[in-house]
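Reader: I am new to this structure and would like to go through it with you by question and answer. Could you set out the terms as we meet them?

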Amino acid sequence: YGERRSRNRSIKSALKTTIGKAEALILDKEAEPAKEAVNKAAIALDVAARKKVIHANNAARHKSRLMKKLNAAFPPKS
């Protein structure tokens with residue numbers, strides 16, 4: 001196995017952990033920590049897409065789904 005593969009695997013693994021933590025905080029109904037975690041996950045997704053570890057559309061899809069979950073759990077105040 002190559003050097004790139006192992007680097008990409010570690011980035012993907014960290015990405016899954018970050019997304020999972022964000023989703024868990026949303027389910028726990030913790031507003032501020034959830035918003036921070038979603039923001040961190042979005043940044044991590046952007047970095048992974050920029051490094052071509054995942055496709056840009058894949059990152060966009062994950063970010064969109066996370067935001068939908070966040071907004072459903074904590075509706076933005078209008």
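Author: Helices (H or I, at least four residues) and strands (E, at least two) are DSSP runs, numbered from the N terminus. This is a predicted model, in which local features need pLDDT of at least 70 and side-chain atom pairs count only at pLDDT 80 or more, while totals for chains, interfaces and linings use all residues. Residues are numbered from 1 along each chain as its sequence is written, and side-chain values use heavy atoms, with hydrogens and water left out.

Reader: In what order do the elements of the protein run from the N terminus on?

Author: The secondary structure comes to 3 helices and 0 strands. The C-alpha trace spans about 50 × 20 × 15 Å along its principal axes. From the N terminus on, the order of the elements is α-α-α.

Reader: How are α1 and α2 oriented to each other, roughly parallel or roughly antiparallel?

Author: Two packed helices are described by the angle between their axes and the distance between the axes. Here the axes are lines fitted to C-alpha atoms, for helices over the stretch in contact, and angles run from 0 to 180 degrees between N-to-C directions. Helix α1 (residues 3–27) and helix α2 (residues 31–50) pack at about 155°, with axes 8 Å apart. Since angles under 35 degrees count as roughly parallel, over 145 as roughly antiparallel, 65 to 115 as roughly perpendicular and the rest as oblique, α1 is to α2 roughly antiparallel.

Reader: Into which classes do the residues of the contact of α1 with α2 divide?

Author: Contact means heavy atoms within 4.5 Å, and on the α1 side the residues that make it include Ile11, Leu15, Ile19 and Ile26, while those of α2 include Pro33, Ala37, Ala41 and Leu45. Ala, Val, Leu, Ile, Met, Phe, Trp, Tyr, Cys and Pro count as nonpolar, Asp, Glu, Lys and Arg as charged, and the others, Gly among them, as polar. On that basis the residues of this contact divide into 14 nonpolar, 1 polar and 1 charged.

Reader: And how are α1 and α3 oriented, roughly parallel or roughly antiparallel?

Author: Helix α3 covers residues 56–73, and the axes of α1 and α3 lie 10 Å apart. Their packing angle is about 15°, which makes α1 to α3 roughly parallel.

Reader: Which residues in α3 are met by residues in α1?

Author: The residues of this contact divide into 6 nonpolar, 1 polar and 2 charged. From α1 come Ile19, Ala22, Glu23 and Ile26, and in α3 they meet His62, Leu66, Lys69, Leu70 and Ala73.

Reader: Is Val53 buried or exposed?

Author: Val53 lies in the loop between α2 and α3, and, leaving aside neighbours within four places in sequence, Val53 is in contact with Asn8, Ile11, Lys12 and Ala48. Val53 and Ile11 are 42 residues apart in sequence, while their C-alpha atoms are 7.6 Å apart in space. With a relative accessibility of 11%, Val53 counts as buried.

Reader: Is Lys52 buried or exposed?

Author: Lys52 also lies in the loop between α2 and α3. Phi of Lys52 is near 65°, a positive value in a residue other than glycine. Because the relative accessible area of Lys52 is 70%, Lys52 is exposed.

Reader: Where is Lys29 found?

Author: Lys29 has a phi near 60°, again a positive value in a residue other than glycine. At 57% relative accessibility Lys29 counts as exposed, and the place of Lys29 is the loop between α1 and α2.

Note on methods: Buried means under 20% relative accessible area, exposed over 50%, partly exposed in between (1.4 Å probe, protein chains only).
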